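This report describes a single protein chain.

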Amino acid sequence: MTRAEFIARLKNGLVGLTTTTANDIVADYETHFDDGLAAGRTEAEVAAALGDPDRLARELKAEAGIQRWRQEKNPSAAAGAVFAVLGLGAIDILILLPILMGVVGAVFGFFMAAIGLFVAGGAVMVAGPFAGFPGGPFAAILMGLGLMAGGVFIGALCAIFTIWLVNGVVWFARLHYRLLKPALEPAQSTPVPGVSA
């Protein structure tokens, strides 16, 4: 494989990362080629030593998604981390994805129930005193506040569980990646003369 082919495939694989991050990665691999050629190796030898550019791009995107999740902890970062890990192919999708979708569906259902409970509590609190709520206006306000507090509690539990779920998927993927990595190591860790570690 030539240098141009390697870099083109790497760039294609990095689509989705920020331009700055992708450019930094490409520049790093360009340097590997420069150093290897300066040491008298051919482009094909350097490319073989660096490994499959498509696989490298998937690994780098997965790592970037995981890092973003660790920094931001929001739904967008969570989805990015999960999809990047799935793109890596480190998880047996046929087994894990149906389980994951069932759990995500249940969490979404509980989250919707929390929103419904919160809205119902607000309605009871506002309309209850004027609608002849049993126990009087004070009981209606307390009941509404209780329902709203229950909705907030369930929503908070859903958020905590979602964070645990994303962290679990990332941990599982990293565990599988570590098991797959030794098969990749000989190609990636072959020292390229003139390339500093």
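## Basis of the report

The model is predicted: local features need pLDDT of at least 70, side-chain atom pairs count only at pLDDT 80 or more, and totals for chains, interfaces and linings use all residues. Residues are numbered from 1 along each chain as its sequence is written, and side-chain values use heavy atoms, with hydrogens and water left out.

## Overall architecture

The chain contains seven helices and zero strands, where helices (H or I, at least four residues) and strands (E, at least two) are DSSP runs numbered from the N terminus. The order of elements from the N terminus is α-α-α-α-α-α-α.

Of the 197 residues, 29% count as buried; buried means under 20% relative accessible area, exposed over 50%, and partly exposed in between, with a 1.4 Å probe and protein chains only. Contacts are heavy atoms within 4.5 Å. Among contacts between residues at least 6 apart in sequence, 66% join residues at least 24 apart. The chain exposes about 11,300 Å², of which carbon and sulfur atoms supply 72%; accessible areas come from the Shrake-Rupley method with a 1.4 Å probe, and for residues only the protein chains shown count as cover.

Rings of Phe, Tyr and Trp (its six-membered ring) pair if their centres lie within 6.5 Å; planes under 30 degrees apart count as stacked, over 60 as edge-to-face and the rest as tilted. By this rule there are two aromatic pairs. F6 and Y29 make a tilted pair, with 6.0 Å between centres and 40° between planes. Because F6 lies in helix α1 (residues 3-13) and Y29 in helix α2 (residues 19-38), this pair ties together parts 23 residues apart in sequence.

F6 also pairs with F33, and this pair is edge-to-face because the ring centres are 5.3 Å apart and the planes stand at 65°. F33 lies in helix α2, so its pairing with F6 of helix α1 ties together parts 27 residues apart in sequence. F6, Y29 and F33 form one aromatic cluster. F6 is buried at 0% relative accessibility, F33 is buried at 0%, and Y29 is buried at 11%.

## Salt bridges

The whole structure holds five salt bridges, each a side-chain nitrogen of Lys or Arg within 4 Å of a carboxyl oxygen of Asp or Glu. R3 bridges to D34, with the closest N and O atoms 2.7 Å apart. This pair links R3 in helix α1 to D34 in helix α2, 31 residues apart. R3 is buried at 18% relative accessibility, whereas D34 is partly exposed at 40%. R3, E30 and D34 are linked in a network of salt bridges.

R9 forms a salt bridge with D52 (2.8 Å, N to O). D52 lies in the loop between α3 (43-50) and α4, and R9 in helix α1, 43 residues apart. R9 also meets D54 in a salt bridge (2.6 Å, N to O). D54 belongs to helix α4 and is 45 residues from R9 of helix α1.

## Helix α4

The 20 residues of α4 (residues 53-72) should span 28 Å at 1.5 Å a residue, and the end C-alpha atoms are 28 Å apart, which agrees. The expected span is 1.5 Å times one less than the number of residues. Buried residues of α4 include L56, I66 and W69. K73 follows α4 and has a positive phi, near 50°.

## Nonpolar surface patch

F108, F111, M112, I115, F118, V119 and V152 form a nonpolar surface patch with about 640 Å² of accessible area together. Patches are made of residues with over 30% relative accessible area and no salt bridge: like charges are joined within 9 Å, and nonpolar side chains (Val, Leu, Ile, Met, Phe, Trp, Tyr) within 5 Å. Helix α6 (residues 93-127) supplies the largest share, six residues. V119 lies in helix α6 and is exposed at 53% relative accessibility.
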